[in-house]
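Q: I would like to learn how to read helix packing and a nonpolar core from a set of coordinates. Could you take me through a case?

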Amino acid sequence: MKTKTFLLDAHIHEMSQAALRSYEMTGDWNSAKTAAAEYAIDELGIKPRLSAVLAAVRIAQAAWHGIILGVREVLRGAA
């Protein structure tokens, strides 16, 4: 496993996508956090720091909020 002191923004974004997919399937942000960490280990070969994992989850939460707002807008337009 590679030892790096930090992950690139692109890596954290990839981790956030894994977290978002996990949340969509489980509805549990703790599972999403685990998925983000496992993605970094399995796909990137890097053991992430907690701060990187939490940043990825925050990005995923923001994306989820955007999805919710988009659905609300669509529902308002359909009414």
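Predicted model: local features only at pLDDT ≥ 70, side-chain atom pairs only at ≥ 80, totals over all residues.

A: Residues are numbered from 1 along each chain as its sequence is written, and side-chain values use heavy atoms, with hydrogens and water left out.

Q: Which residues of the largest nonpolar core touch the most other members?

A: In soluble globular proteins, nonpolar side chains tend to be buried together. A nonpolar core is a set of buried Ala, Val, Leu, Ile, Met, Phe, Trp, Tyr and Cys residues joined through side-chain atoms within 4.5 Å, where buried means under 20% relative accessible area with a 1.4 Å probe, protein chains only. Here the largest such core has 15 residues, of which L7, I12, M15, A19, A36 and A56 touch the most other members. At least two residues of this core come from each of α1 (9-26), α2 (29-44) and α3 (50-78), helices being DSSP runs (H or I, at least four residues) numbered from the N terminus. The largest share, 5 residues, is supplied by α1.

Q: How do α1 and α3 cross, and at what angle?

A: Axes are lines fitted to C-alpha atoms over the stretch in contact, and angles run from 0 to 180 degrees between N-to-C directions. The axes of α1 and α3 come within 8 Å and cross at roughly 55°, and the two helices are therefore oblique to each other; under 35 degrees counts as roughly parallel, over 145 as roughly antiparallel, 65 to 115 as roughly perpendicular and the rest as oblique.

Q: How do α2 and α3 pack?

A: Their angle is about 125°, with the axes 9 Å apart, which makes α2 oblique to α3. Contact means heavy atoms within 4.5 Å, and by that criterion W29, A32, K33, A36 and A37 in α2 meet V53, L54, A56, V57, A60, Q61 and W64 in α3.

Q: What does A56 touch?

A: Not counting residues up to four places away in sequence, A56 touches I12, M15, S16 and A36.

Q: Where is A37, and with which residues is A37 in contact?

A: A37 lies in helix α2 and, leaving aside neighbours within four places in sequence, is in contact with P48 and V53. From A37 to L20 the separation is 17 residues in sequence and 13 Å in space, C-alpha to C-alpha.

Key: Buried < 20%, exposed > 50% of the residue type's maximum accessible area, 1.4 Å probe, protein only.
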